[in-house]
Amino acid sequence: MNSYLSGKSNDGETVRVFFTGNEHINNHHQIVNNYFGPRPRKGGPRAETIRIGDSKTRVSPSFTNVSNNYFEACNGEVEIISDKTNFNTFKNNIFYKCEGSLVLRHGSYATVDGNIFIGGDESNFYGGIRIVNTGHWITNNYFYKIKGEQFRSPLAIMNGIPMTPLNRYLQVSDVVVAYNTWIDCKSPWQIGVGQNLKSADVLPPSEIRSAPPIRTIVANNIIYNTQVDKTPVINHSTMEGILFKNNIIDNASEDRF
């Protein structure tokens, strides 16, 4: 594309990949070498910078490549990128002080590699990567001073809904998170984000996120803090389905393992 896109203040995505029929699957679109400039906060799910598909395309292969882009202050909503199709690649992008996350919302089998997320101390809304669905590889990404919580966590691995409707949350499974680095991030690993069992008596079963991540590997990652973080890992649900292996946490030399 090689475009400069900035200043969109109305509702709607800055860039959207549409799927209106089988002729649009396996499209191999290339969203590369672009500058995505500031978007103001809009609130609600209506101001993504990039959206690929929708809930009805969660089983559709796209093979869209989103690489070598620069995102600056893309603050429209919690999802800077909303991935809703399969086999997409997000590689070597820079997210600079963006109040949102790269979200694998309905898509599966994504490759998220070599991206840089830079935050700061002036906002608690800077986000990282949020994982839903199955088969993702999250590798070689770098996070600096990402302070978001829950859905905007530096790494948010969500709970899913058993027998989920198309537009809700599929259980996380068969995901690899490896060779990533978090520097001075707040509670960088949050597992079971969105778990809401306390609301089971007032919400329908189709809204209860009770299915924790399974068959997932978190290995060979680094968490480094210059000041002590008392909760570098937060478990909102259960972590029994996750294998943690060969990770290093240097918590201002207080905890190191």
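How many bridges join β20 to β23, and do the two strands run parallel or antiparallel? Three bridges join them, and they run parallel. The model behind this answer is predicted.

**The sheet**

Strands β20 and β23 belong to an open sheet of eight strands. Its order is β2-β5-β8-β11-β14-β17-β20-β23, with parallel pairing. Two strands stand at the edges: β2 (15-17) and β23 (233-235). Each has a single partner strand, so one side of each lacks a neighbour in the sheet. Direction ignored, neighbouring strands of this sheet are turned by 15° against each other on average.

Strands of a sheet pair through backbone hydrogen bonds, either parallel or antiparallel. Take β14 (residues 129-131) and β17 (residues 155-158): they pair in the parallel sense over three bridges. Arg130 stands opposite Ala156 in β17. Next comes β17 with β20, joined by four bridges and again running parallel. Here Leu155 has Trp189 in β20 as its bridge partner. Trp189 also stands opposite Val233 in β23.

Strand β20 covers residues 189-193. Five of its five residues are buried, so the strand is largely enclosed by the rest of the structure.

**Aromatic pairs**

Trp189 turns up again among the rings. Ring pairs link Phe36, Phe71, Phe95, Phe117, Phe143, Trp182, Trp189 and Phe244 into a cluster. In total, the structure holds twelve aromatic pairs. A pair of aromatic rings is described by the distance of the centres and the angle of the planes.

| Pair | Centre to centre | Angle between planes |
|---|---|---|
| Tyr70 and Tyr96 | 6.5 Å | 25° |
| Phe143 and Trp182 | 4.9 Å | 5° |

Why does the pair of Tyr70 and Tyr96 count as stacked? Its planes stand at 25°, and planes under 30 degrees apart count as stacked. This pair links distant parts of the chain. Tyr70 is in strand β7 (residues 70-72) and Tyr96 in strand β10 (residues 94-96), 26 residues apart. Tyr70 is partly exposed, at a relative accessible area of 30%. Tyr96 is partly exposed too, at 28% relative accessibility.

Phe143 and Trp182 are also stacked. Phe143 lies in strand β16 (residues 142-144) and Trp182 in strand β19 (residues 181-183). The pair therefore ties together parts that are 39 residues apart in sequence. Are these two residues buried or exposed? Both Phe143 and Trp182 are buried.

**Charges over a ring**

Tyr169 has two arginines over its ring. The charged end of Arg105 sits 3.8 Å from the ring centre. Arg209 lies over the face of Tyr169 at 5.3 Å from the ring centre.

**A buried asparagine**

Where does Asn247 lie? Asn247 is in the loop between β24 (242-245) and β25 (248-251). Its relative accessible area is 16%, so Asn247 is buried; the cut-off for that class is under 20%.

The side chain of Asn247 makes polar contacts with two backbone nitrogens. The backbone nitrogen of Asn220 lies 3.3 Å from a polar atom of this side chain. For the backbone nitrogen of Asn221, the distance to a polar atom of the Asn247 side chain is 3.0 Å. Gly192 is 55 residues from Asn247 along the chain, and the C-alpha atoms of the two are separated by 19 Å.

Conventions:
Residues are numbered from 1 along each chain as its sequence is written. This is a predicted model: local features need pLDDT of at least 70, side-chain atom pairs count only at pLDDT 80 or more; totals for chains, interfaces and linings use all residues. Side-chain values use heavy atoms; hydrogens and water are left out. Rings of Phe, Tyr and Trp (its six-membered ring) pair if their centres lie within 6.5 Å; planes under 30 degrees apart count as stacked, over 60 as edge-to-face and the rest as tilted. Buried means under 20% relative accessible area, exposed over 50%, partly exposed in between (1.4 Å probe, protein chains only). A charge sits over a ring if NZ of Lys or CZ of Arg is within 6 Å of the ring centre and within 35 degrees of the ring normal. Two strands pair if DSSP finds at least two bridges between them. Axes are lines fitted to C-alpha atoms, for helices over the stretch in contact, and angles run from 0 to 180 degrees between N-to-C directions. A polar contact is a pair of N or O atoms within 3.5 Å; within protein, one must be able to donate a hydrogen and the other to accept it, and residues adjacent in sequence count only if both atoms are side-chain atoms.
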